[in-house]
Amino acid sequence: MGRTLSEKVWDEHVVRSTPGEPDLLYIDLHLIHEVTSPQAFDGLRLAGRQVRRPDLTLATEDHNVPTLDWDKPIADPVSRTQVETLRRNAEEFGVRLHPLGDLDQGIVHVVGPQLGLTQPGMTIVCGDSHTSTHGAFGAIAFGIGTSEVEHVLATQTLMQAKPKTMAVTVTGSLPDGVTAKDLVLNLIAHTGTGGGQGYIVEYRGQAIEELSIEGRMTVCNMSIEWGAKAGMIAPDQKTFDYIQGRPEAPTGADWDAAVEHWTSLRTDDDAVFDKEIVLDASTMTPFVTWGTNPGQGVPLGASVPAPEDFEDVSDQVAAQKALEYMGLEAGTPMREVKVDTVFVGSCTNGRIEDLRLAADIIKGHHVAADTRLLVVPGSVRVRLQAEEEGLDVVFKEAGAEWRGAGCSMCLGMNPDTLQPGERSASTSNRNFEGRQGKGGRTHLVSIPVAAATAVRGTLSSPSDLEPVAAPATV
Amino acid sequence: MEKFTTHTGVGVPLRRSNVDTDQIIPAVYLKRVTRTGFEDGLFAAWRNDPAFVLNNPAYAAGSVLVAGPDFGTGSSREHAVWALQNYGFKAVISPRFADIFRGNSGKAGLLAAQVDEKVVQRIWDLLESQPGAEVTVDLETRTVRAGEGVDAIEDSFDIDDYTRWRLLEGLDDIGITLGHDADIATYEASRPRWKPVTQHA
Ligand code: SF4
């Protein structure tokens, strides 16, 4: 019987397999950041252990760094200690680090692909649940806890029970103006936040093939939001083109050998998945969340649902709690929901393609009077590229704040947070209670919806915008 | 790691589904570089509400948390497990756990017992009608017990065999894996040379 993509990649990394025990899996790349690693390095030190493969390990600072004044010492002493601890650990254990101020600093899931370190057929882990992002290249990539970070540092392996396999086939093409983010928000509303639990998911079908690599990263990024262990997409020519020429990509004969192998990483025709879901992309529309988990979403053109709209009693209770927290009235059209802050950024939508799209929509408009637009590039290179293309000027002229690279308001660990009761439209991936600041209310949206919302001050899509007066120059 | 065989303690009914890791411990509390002291961030936002279950003195000494489905969704932060442990919890019961949370619990020595949703309902009812009542989670027999006489509840819980064995023995994963060092070295010798590295010799 044939094997699925994930089974092929899994099998290639099994160091040891014994019945009744999890497999011992080799890890090709271990990404590290300041928040989930200090206790792991401490554990090594206590046990007198080394990092087994510093050459398969990469660290960057992202979760807890400021996006303003990044050249000055971090103001919050506790945050500063955490960042300094990473620097000390990297130095002591010989790990490559891209600290604040470095050209390759940025969100760990933006930096890996950008350097060409993320490649098909790899196993990639990081103490961060959105590691699933790297699955867009056909890698098995998943988030781990700090004990596991320590395990990988010490052994370059992980003990893992083999997950079940699922195929999500998205047929047809996405209509114009509907993005990868809308696709995945649609999917999560369809499956619920626990629908992927225990599975490695392969996204396939015409709509997935048609996505750019950046769009594929957006989809895989949010796999964890419906509970999946990992999400992946079979590598194709687009994938190879994206990787070729990047700093850590193979070259010469190595490139040819790599591509030959990568080309074999496809699900066999006779392979069987444990579960299959089929969705039609052609009927999808811009999608936004109204509640406090990523599965509580509706089309932008719909209204806030009522608890009675749900069949399941626990869904009704959850909806009731979410409406209270979000300060929303059932029946209110989503388009009438007024937003205080628009956040463009994060590992979901903070890459150059995202900023280009946002700038394209905002150009010639101004951010609404009572609304704040925060644009945070995913990495320093994304920021510099955007500045080279003049995108920063477009944002600033529209009245937006243009920031340095990092996670920023995605999780509100640094000073970029919502105030209690404040409402955001956010291109990030989590709308949990308090995620972006205590008492903050988050609506997850795509880049086009974020940009249009910034201009109108209420949840909107670009089709709601008045045409720009001056003839548009392309 | 300490061995876990069986635990009996005050049960805390948390009547919520989808308790995500941002609720268990918000990001602002993640700045410490130690494994201790996270109890102050546990359910930080909810604890401001006087009606929140942990603010009821009857449950304050709780050590068995009984929650709704999809507990621990979201972030990979092991701090969520540490916060529960630092507070005094030894076990969490839920009809369904998020994968990473369940994995982290097993590594850190917190028992994540998956119990049928109907049984969770009955335990909630019991704990609410008798605040301060105890719940037993017996890892050896994989059973959860609460209440007495006609109200007694007893049912099995799910946990994978390997995690159960490790918890019962109190074994450290890294130590086990280092025992397979030769297998790892053999695997490394066969890795293709074009695989990327972060440092070049
Ligand atoms: S941007 Fe947000 S989701 Fe992505 S790594 Fe940072 S905190 Fe996590």
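What follows is a conversation in questions and answers about this structure.

Tutor: This is a predicted model, in which local features need pLDDT of at least 70, side-chain atom pairs count only at pLDDT 80 or more, and totals for chains, interfaces and linings use all residues. Residues are numbered from 1 along each chain as its sequence is written, chains are lettered from A and ligands numbered from 1 in the order in which they are written, and side-chain values use heavy atoms, with hydrogens and water left out.

Student: How many charged residues does the shell around the ligand have?

Tutor: The residues around the ligand, where near means that a heavy atom lies within 4 Å, include His63(A), Ile107(A), Asp128(A), Cys347(A), Cys407(A), Cys410(A) and Arg435(A). For the classes, Ala, Val, Leu, Ile, Met, Phe, Trp, Tyr, Cys and Pro count as nonpolar, Asp, Glu, Lys and Arg as charged, and the others, Gly among them, as polar. By that division the shell has five nonpolar and five polar residues, and the number of charged residues is two.

Student: Which residues does the UniProt annotation "binding site" cover, and what is the largest C-alpha distance?

Tutor: The annotation comes from an unreviewed UniProt entry and covers Cys347(A), Cys407(A) and Cys410(A); such annotations, given here in the numbering used for this model, may be inferred rather than shown by experiment. Although these residues are spread over 64 residues of sequence, they cluster in space, with a largest C-alpha distance of 8.8 Å.

Student: Is Cys347(A) buried or exposed?

Tutor: Cys347(A) sits in helix H12 (residues 346–349) of chain A, where helices (H or I, at least four residues) and strands (E, at least two) are DSSP runs numbered from the N terminus. Leaving aside residues up to four places away in sequence, Cys347(A) touches, by heavy atoms within 4.5 Å, residues including His109(A), His130(A) and Asn429(A). Buried means under 20% relative accessible area, exposed over 50%, and partly exposed in between (1.4 Å probe, protein chains only). Because its relative accessibility is 7%, Cys347(A) counts as buried.

Student: Where is Cys407(A) found?

Tutor: Cys407(A) has a relative accessibility of 7% and therefore counts as buried. Not counting residues up to four places away in sequence, Cys407(A) is in contact with Asp62(A), His63(A), Ile107(A) and Phe343(A). Its place in chain A is the loop between strand S17 (401–402) and strand S18 (423–426).

Student: Which are the edge strands of the open sheet in chain A?

Tutor: Five strands of chain A form this open sheet with parallel pairing, in the order S5-S4-S3-S6-S7, and two strands pair if DSSP finds at least two bridges between them. Each edge strand pairs on one side only, and these strands are strand S5 (96–98) and strand S7 (140–143) of chain A.

Student: Which residue is the bridge partner of His30(A) in S6(A)?

Tutor: Strand S3 (residues 29–32) and strand S6 (residues 123–126) of chain A pair in the parallel sense over three bridges. In S6(A), the partner of His30(A) is Val125(A).

Student: Why is H4(B) described as largely enclosed, and how many of its residues are buried?

Tutor: The buried residues of H4(B) include Asp99(B), Phe101(B) and Lys107(B). H4(B) is largely enclosed by the rest of the structure because, of its 10 residues, the number buried is eight.
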